[in-house]
Amino acid sequence: MSERETATSDRDASGEGALPWLAAPLRRTLETQRAHALLIHGPGGVGQFELALALAKGWLCEAGDRALVDRPCGHCASCKLHAARSHPDLLVLVPDALRESLGWDLGAGEVDEAGEGSKRKPSKEIRVEAVRAAIAFATTTSARGRGKVVVVHPAERMNEVAASAFLKTLEEPAGDARFLLCSAAPESLLATIRSRCQHVVLPVPPAAEAEAWLVRHGVAQPGVLLAASGGQPQAALDFAERGIDAAAWLALPRRIAAGDASALQGWGLAAAVGALQKICHDAAALACGGATRYFPRERIVSDGNLDRLLRWSRELARVAAEAEHPWSTDLAIESLVGQGQEALKTPRSRGRPREPLSLNSTG
Ligand SMILES: [Zn+2]
């Protein structure tokens with residue numbers, strides 16, 4: 001088993017190595033669930049997927065001697081099937097591109113969206129074929145007699161056609177299936193889907209709990225990476241697993257202010273833009289007399305010129321929206337860092353003005 005797999009399987013929300021902050025929301029949701037469709041939402045890096053899996057495990061658990069709120073038991077036949085990713089009454093819909101990072105490879109009953117042996121690039125979407133297969137799954141009889149569960153993660157990755165097909169199932173539920181939708185961007189779901197779900201809000205956990213969990217995963221100075229990820233522990237662990245440690249994060253604002261684009265080498269465009277947005281946010285917050293959020297305030301190097309910072313912020317937002325654009329990542333990062341240097345530095349040391357990157361540049 002690879003290190004990565006160890007980390008992800010360890011994130012199962014119930015049993016050994018669980019995400020400790022999910023225990024209370026799990027119990028509460030088992031207690032209060034009344035709709036056949038639940039929408040779990042909140043920040044992305046706090047365990048929505050794991051909570052959905054734990055709820056499914058709880059509903060399907062066959063420990064007759066336990067109250068529902070005390071499930072899953074982790075020992076019954078159903079819980080063992082769940083742990084082996086082969087429960088016949090559970091179907092998990094995730095984009096192919098996310099399977100590996102979620103530790104959810106194709107198992108029995110799962111839909112291979114790309115088709116067997118396909119050389120297609122893994123899809124970032126949940127396609128209508130997969131949703132149709134899930135609907136068919138939901139309408140057949142439960143194999144073990146405790147109903148069926150469909151998990152959709154992240155729900156906003158259903159494209160328009162897929163979402164419409166899914167909505168029909170919510171409007172006219174057939175069989176005894178329950179649906180669990182996860183989303184960090186519920187506002188981008190169809191309003192009609194949102195309104196048919198019982199909402200479960202999963203907020204960022206208490207910092208002490210998150211830090212203790214990060215320490216158990218070998219993360220040094222967990223408070224730094226937790227702040228870096230806006231309090232989302234899974235996102236903080238992802239930082240650490242990608243080799244971004246506390247020292248690298250703390251050094252970032254100074255390096256960007258110096259125009260050093262190599263500080264973001266190998267990050268990928270989306271992650272690099274995300275980090276630059278955090279520097280920009282904190283510099284702008286300081287310029288307005290506010291508090292920093294992602295970096296300790298003494299790490300932010302900026303002369304506090306709000307106009308320049310807002311210009312940089314707009315450019316970062318524009319590129320973030322186009323992060324899927326097939327342009328040269330290196331070129332885009334270099335340009336954004338150059339603009340950051342402009343935005344952060346004192347006027348005395350400002351260099352040559354940089355042109356904004358053209359959207360048509362494919363490098
Ligand atoms: Zn069980």
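Helices and strands here are DSSP runs, numbered from the N terminus. The model is predicted.

**Whole chain.** Start with everything shown. The protein chain carries 15 helices and five strands. Of its 363 residues, 48% count as buried. Take the contacts between residues at least 6 apart in sequence: 67% of them join residues at least 24 apart.

**Pro 72.** Select the loop between H3 and helix H4 (77-83); Pro 72 is found there. A cis peptide bond links Arg 71 to Pro 72, with omega about 0 degrees.

**Zinc site.** Now select the zinc ion. Which residues coordinate the zinc ion? The SG atoms of Cys 61, Cys 73, Cys 76 and Cys 79 do, at 2.3 to 2.4 Å. Along the chain, the donors follow the spacing C-x11-C-x2-C-x2-C. The four donor atoms subtend angles of 103 to 115 degrees, so the arrangement is tetrahedral. Color by burial: Cys 73 and Cys 79 are both buried.

**Helix H3.** Step to residues 48-60. H3 has 13 residues and reaches 18 Å from its first C-alpha to its last, close to the 18 Å expected at 1.5 Å a residue. Because 13 of its 13 residues are buried, H3 is largely enclosed by the rest of the structure.

**Gln 33.** Go to the loop between helix H2 (23-32) and strand S1 (37-41), the place of Gln 33. A polar atom of the Gln 33 side chain lies 2.7 Å from the backbone oxygen of Ala 35. Leaving out residues up to four places away in sequence, Gln 33 touches Leu 38, Trp 59, Arg 178 and Gln 198.

**Nonpolar cores.** Select Leu 180, Trp 249, Leu 252, Ile 256, Leu 264 and Trp 312. Of the 74 residues in the largest nonpolar core, these touch the most other members. Then center on Trp 249. Not counting residues up to four places away in sequence, its contacts include Val 224, Leu 225, Phe 239, Trp 267, Tyr 294 and Phe 295. A second, separate core has 27 residues, among them Ala 138, Val 152, Met 158 and Ala 162.

- Pro 154 sits in the loop between strand S3 (148-152) and helix H7 (160-171). The peptide bond from His 153 to Pro 154 is cis, with omega near -15 degrees.
- Arg 85 is in the loop between H4 and strand S2 (90-93). Its phi is positive, about 60 degrees, although Arg 85 is not a glycine. Arg 85 is partly exposed, with a relative accessible area of 21%.
- Gln 221 lies in the loop between helix H9 (207-216) and helix H10 (222-228). Phi of Gln 221 is near 45 degrees, a positive value in a residue other than glycine. Gln 221 is partly exposed, at 48% relative accessible area.

Key:
Residues numbered from 1 in each chain as written. Predicted model: local features only at pLDDT ≥ 70, side-chain atom pairs only at ≥ 80, totals over all residues. Heavy atoms only, no water. Helix = DSSP H or I, 4+ residues; strand = E, 2+ residues; numbered from the N terminus. Expected span 1.5 Å × (residues − 1). Buried < 20%, exposed > 50% of the residue type's maximum accessible area, 1.4 Å probe, protein only. Core = buried A, V, L, I, M, F, W, Y, C linked by side-chain atoms within 4.5 Å. Contact = heavy atoms within 4.5 Å. Donors = N, O, S within 2.8 Å, 3.2 Å for Na, K, Ca; no water. Tetrahedral: all angles 85-135°; square planar, octahedral: opposite > 155°, others 65-115°. Polar contact = N/O pair within 3.5 Å; in protein donor to acceptor, adjacent residues only side chain to side chain.
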